[in-house]
Each structure stands twice: as C-alpha cells, then as structure tokens.
Amino acid sequence: MLSPAAKKRRQSIVDACRSMNALGINQGTSGNISLREGGDMLITPTGLSYDAMTPEDIIEMRMDGKVVGGGRPSTEWRFHLAIMRERPEVNAVVHAHPTYCTTLAIMERGIPPIHYMIAAAGGDSIRCAPYATFGTEELSTNAIQALKGRMACLLAHHGMIALGADLAGAMWLAVEVETLAHQYVNCLQLGEPPLLSSEEIRNVADRMANYGRYSAPR
Ligand SMILES: [Zn+2]
C-alpha cells in the first residue's frame, strides 16, 4: 500500500503526463517522466496510455536499475536514471517528442541563442545529442554529454529532454524549449537568424537569477 504522500507524488507524474497533450509537447504516448523519490526514482511505465495510468502503475527504481515491487519502466529508463545519478540538483526529468524540437533534432541541429529565453536552459545553446538507438546505454551517454551545464537538450532523430529541480520546473522548461524550437524553425524559413552574444546570454542569466521571474511557477 502506498502512503498518501507517496500516492500524491505518483499522481503528480500521472497528471503531468496527461497535461503534455494540452501543452503541445507530446506525440502519442512517447513522452515519459521521472521524479526523484528519496534515494530512488519514480518513472512512468512502458506501454500504458496516460488515460489508463494510475499512481499504482508508476514504477519505482533503485539507482542501480533494480525495479522495486515489479512492473516495467519506460524503455527510456536508462537516461532518466543516468541523469538522476549524474545531476544531484535535478529531481525531475521530462522526455517527449514535441514536433518542433524533433524537427530540429531530425536535422541534427541544436538551438543557438536566437532569443534571450535560451538562458532558461542554462547557457547560450541547447545542444543536440548525436543519434543512438532508443533505450540504449549509448543514448544515455550522449544525452549526459549534451546536458553538460544545461537543463535541456535535443536528441538527434528522436526528441528532447528537459530537467528541473522539481516536476513543475521540468514541465515549464519543456514548453519553453518547444517554443524556442518553433521560433527557430520559423526563422529558418526566412534565412539564418542573427544571434545574441554569449556575453548577453550570461547577462540575461544573471538577471533571471536576480529577479526570479523566469522560472517555473511554484
Ligand atoms: Zn523518446
């Protein structure tokens, strides 16, 4: 039996999954979400529609990859777990195949500093990790590399990953990254857009930290 608090945390994952369609960041049930749970990780199960998902369906995994209590985790559990292990400041991971992020990822293009909001992802670019087959250790390694110093990345010919200190933060950033991707794809129809300097992005990042305006609603 789950405690009321544990049930609530698992329900927040189910709710976030269901909100992905309305937020425009999901394609079918390709999205998956994980949340740090003490020393373990909670993650969405594989092959279950969001409508049918209940808190009891959410899988708990140990940091060594062992499933607690049974069930099958999302096929992408490897990179979720690797991120939780490598990035202690991250407590939530959102992975999805939103159309504009994936369009750029198919072209093996990251997002350059076209708009100051790119600073919300932790730097002056959102990198695109080289392609590797879904669910593999290689994909996990490539994602960790692309996420160095960043809270989001694209995955070539696949989709995107957004990180957060909490689930609301990761969901917020996922929407911001898809918005930047949409804007960049539009710009590319007109030509190569002019870019902001790295110095200006650092300036923006400082201001964001000071004002606390550009962060997820809490
Ligand atoms: Zn995927």
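1. Basis. This is a predicted model, in which local features need pLDDT of at least 70, side-chain atom pairs count only at pLDDT 80 or more, and totals for chains, interfaces and linings use all residues. Residues are numbered from 1 along each chain as its sequence is written.

2. Helix 2 against helix 4. Axes are lines fitted to C-alpha atoms, for helices over the stretch in contact, with angles from 0 to 180 degrees between N-to-C directions. Angles under 35 degrees count as roughly parallel, over 145 as roughly antiparallel, 65 to 115 as roughly perpendicular, and the rest as oblique.

3. Who touches whom there. Helix 2 contributes Arg78, Phe79, Ala82, Ile83 and Glu86 to the contact, and helix 4 contributes Glu137, Leu139, Ser140, Ala143 and Ile144. Contact means C-beta atoms, placed from the backbone, within 7 Å. By class, the contact of helix 2 with helix 4 has six nonpolar, one polar and three charged residues.

4. Helix 3 against helix 5. The axes of helix 3 (residues 99–106) and helix 5 come within 7 Å, crossing at roughly 60 degrees. The two are therefore oblique to each other. From helix 3 come Tyr100, Cys101, Thr103 and Leu104; from helix 5 come Val177, Glu178, Ala181, His182, Tyr184 and Val185.

5. The core. The largest nonpolar core has 62 residues, of which Ala152, Cys153, Ala162 and Val177 touch the most other members. Helix 5 (residues 167–190) gives the most to this core, with 10 residues. Such a core is a set of buried Ala, Val, Leu, Ile, Met, Phe, Trp, Tyr and Cys residues joined through C-beta atoms within 7 Å. Beyond four places in sequence, Ala162 is in contact with Val94, Met151, Ala152, Ala170, Leu173, Ala174 and Val177.

6. Gln27. This residue lies in the loop between helix 1 (4–23) and strand 1 (32–37). Gln27 has 15 C-beta neighbours inside 10 Å, so Gln27 counts as partly exposed. The cut-offs: buried is 20 or more other C-beta atoms within 10 Å, exposed is 12 or fewer, and partly exposed is in between. Leaving aside neighbours within four places in sequence, Gln27 is in contact with His97, Pro98 and Thr99.

Terms used: Contact = placed C-beta atoms within 7 Å. Helix = DSSP H or I, 4+ residues; strand = E, 2+ residues; numbered from the N terminus. Nonpolar A, V, L, I, M, F, W, Y, C, P; charged D, E, K, R; others polar.
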